[in-house]
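Please look over the structure shown here before reading on. The briefing after it is meant for someone meeting this model for the first time.

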Amino acid sequence: MKHKNIINYIVAIAVVTLMVAMSEILGDKEIIFPEVAALCVGSIVLPAFPWVVNEWKMVFYITICAILGVLIVCFIPIPLWGQLILAFILSQVIFLLSRTTMAPMISAICLPVMIQTRSIVYIISAFCLTTLIVVIRLIFVKEGHKLSVVYKPVDSLNKDNIILAIKRCILVSILILATVPQGYKFILAPPLLVAFTELSKKGNKAIKKPMHVVILVGGCALLGAMTRLLITVYIDLPLSLSAFIIITVALLIMRAMKLYMPPAAALGILALLIPEKNLYWYPLQIFAGIIIFIVMSKLLSKDKI
């Protein structure tokens with residue numbers, strides 16, 4: 001591994017660990033924003049953005065979506081399944097209007113709905129942590145550790161993309177209705193919704209390696225759940241140590257597999273946020289979810305299953 005790459009990995013690990021450490025110090029889990037792990041992979045670890053976006057649009061859309069997610073919880077008094085459907089549809093609309101391919105914004109709006117977050121702390125954390133990552137990236141670009149990219153708005157509002165977004169909304173809505181009322185909401189964990197949006201996009205390379213995607217995504221979820229159970233629940237060591245182990249091992253797995261999927265890292269960190277009683281079933285739901293979303297993505301992309 002080159003010297004510059006080592007620095008990128010170390011900084012990404014430090015950002016995720018610092019986030020969880022701050023949540024422990026301040027005694028507020030709302031500070032934990034799992035998508036930070038995904039943003040670190042895409043913005044700090046990889047040489048160039050895996051998304052068509054610039055730094056400040058990333059901050060803007062993550063923050064706007066975080067605000068909207070909390071507002072849905074606070075002011076739309078409907079069942080969880082209804083709130084999730086609304087959040088996903090809204091995320092797809094914003095995704096198209098943004099003229100970017102920055103799918104992590106989808107998780108930013110769906111996560112507070114899934115975990116029923118009403119606190120402004122979540123919004124502040126999402127804004128501050130995304131801004132920190134952007135500042136780090138800009139410093140790295142200046143120092144030659146990262147490639148500078150020129151943002152060119154994508155033609156997201158064409159007929160094909162609009163139809164694809166509508167199909168995503170229909171399929172996800174059906175899946176929400178089939179799983180959430182039964183208590184299997186993590187089949188639709190927000191990072192999986194991000195992965196689905198990316199995998200169903202025309203020309204996505206990861207969809208051509210479905211088994212690799214299942215192993216990576218499910219493996220990171222299993223890593224997150226087992227690490228928290230062993231390190232924090234059973235041994236009673238700090239949650240930040242679990243975060244350090246999860247993000248470090250997740251990055252090493254991605255490097256070994258030569259498959260960098262930002263949502264996979266977020267799923268590992270999400271295991272630190274969910275109720276302890278859900279940890280045992282969390283990996284199984286993630287495995288089921290990613291398999292379902294791969295099948296749906298292949299159908300939408302008209303690829304062979």
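What follows describes the overall fold, then the charged side chains, then a few individual residues.

This is a predicted model, in which local features need pLDDT of at least 70 and side-chain atom pairs count only at pLDDT 80 or more, while totals for chains, interfaces and linings use all residues. Residues are numbered from 1 along each chain as its sequence is written, and side-chain values use heavy atoms, with hydrogens and water left out. The chain has twelve helices and zero strands, where helices (H or I, at least four residues) and strands (E, at least two) are DSSP runs numbered from the N terminus.

**Overall fold**

- Along the sequence the pattern reads α-α-α-α-α-α-α-α-α-α-α-α. The chain has a radius of gyration of 18 Å, close to the 19 Å that the globule rule gives for 305 residues, so it is as compact as a globular protein of that length. The radius is taken over C-alpha atoms, and the globule rule is 2.2 Å times the number of residues to the power 0.38.
- Taken along the principal axes, the box filled by the C-alpha atoms of the chain is roughly 45 × 45 × 40 Å.
- Of the 305 residues in the chain, 55% are buried, a term that means under 20% relative accessible area, with exposed meaning over 50% and partly exposed the range in between (1.4 Å probe, protein chains only).
- Among the contacts in the chain with a separation of 6 or more, 78% are between residues 24 or more positions apart, a contact being heavy atoms within 4.5 Å.
- The accessible surface of the chain is about 13,300 Å², and 70% of this belongs to carbon and sulfur atoms. Such areas come from the Shrake-Rupley method with a 1.4 Å probe, and for residues only the protein chains shown count as cover.

**Charged side chains**

- The chain carries 26 positive and 12 negative side chains, and the centres of the two sets are 11 Å apart. Here Lys and Arg count as positive and Asp and Glu as negative, while His and the chain ends are not counted. The place of a charge is taken as NZ of Lys, CZ of Arg, CG of Asp or CD of Glu.
- One salt bridge is found in a search of the whole structure, the term meaning a side-chain nitrogen of Lys or Arg within 4 Å of a carboxyl oxygen of Asp or Glu.
- A salt bridge joins the side chains of Glu55 and Arg137, at 2.9 Å from N to O. This pair links distant parts of the chain, with Glu55 in helix H3 (residues 55-75) and Arg137 in helix H6 (residues 120-143), 82 residues apart. Glu55 and Arg137 are both buried.
- Glu35, in helix H2 (residues 35-45), is buried yet has no salt bridge, and the nearest side chain of opposite charge, Lys201, is 13 Å away. Not counting residues up to four places away in sequence, Glu35 touches Pro104, Ser107, Pro191, Val194 and Ala266.

**Loop residues with a positive phi**

- Arg99, in the loop between helix H4 (80-98) and helix H5 (104-114), has a positive phi of about 60 degrees although it is not a glycine. The relative accessible area of Arg99 is 40%, and Arg99 is partly exposed.
- Asp236, in the loop between helix H9 (210-234) and helix H10 (239-257), likewise is not a glycine and has a positive phi of about 65 degrees. With a relative accessibility of 63%, Asp236 counts as exposed.

**Residues paired across the sequence**

- Gln285 lies in helix H12 (residues 282-300) and is buried, with a relative accessible area of 10%. Gln285 is 100 residues from Lys185 in sequence, and their C-alpha atoms are 8.2 Å apart in space. Apart from residues up to four places away in sequence, Gln285 touches Gly183, Tyr184, Lys185, Phe186 and Ile187.
- Pro47 sits in the loop between H2 and H3 and counts as partly exposed at 48% relative accessibility. Pro47 and Leu147 are 100 residues apart in sequence, with 5.7 Å between their C-alpha atoms. Leaving out residues up to four places away in sequence, Pro47 touches Arg137, Lys146 and Leu147.
- Val295 belongs to helix H12 and counts as partly exposed at 31% relative accessibility. Val295 and Phe196 are 99 residues apart in sequence and 9.8 Å apart in space, from C-alpha to C-alpha.
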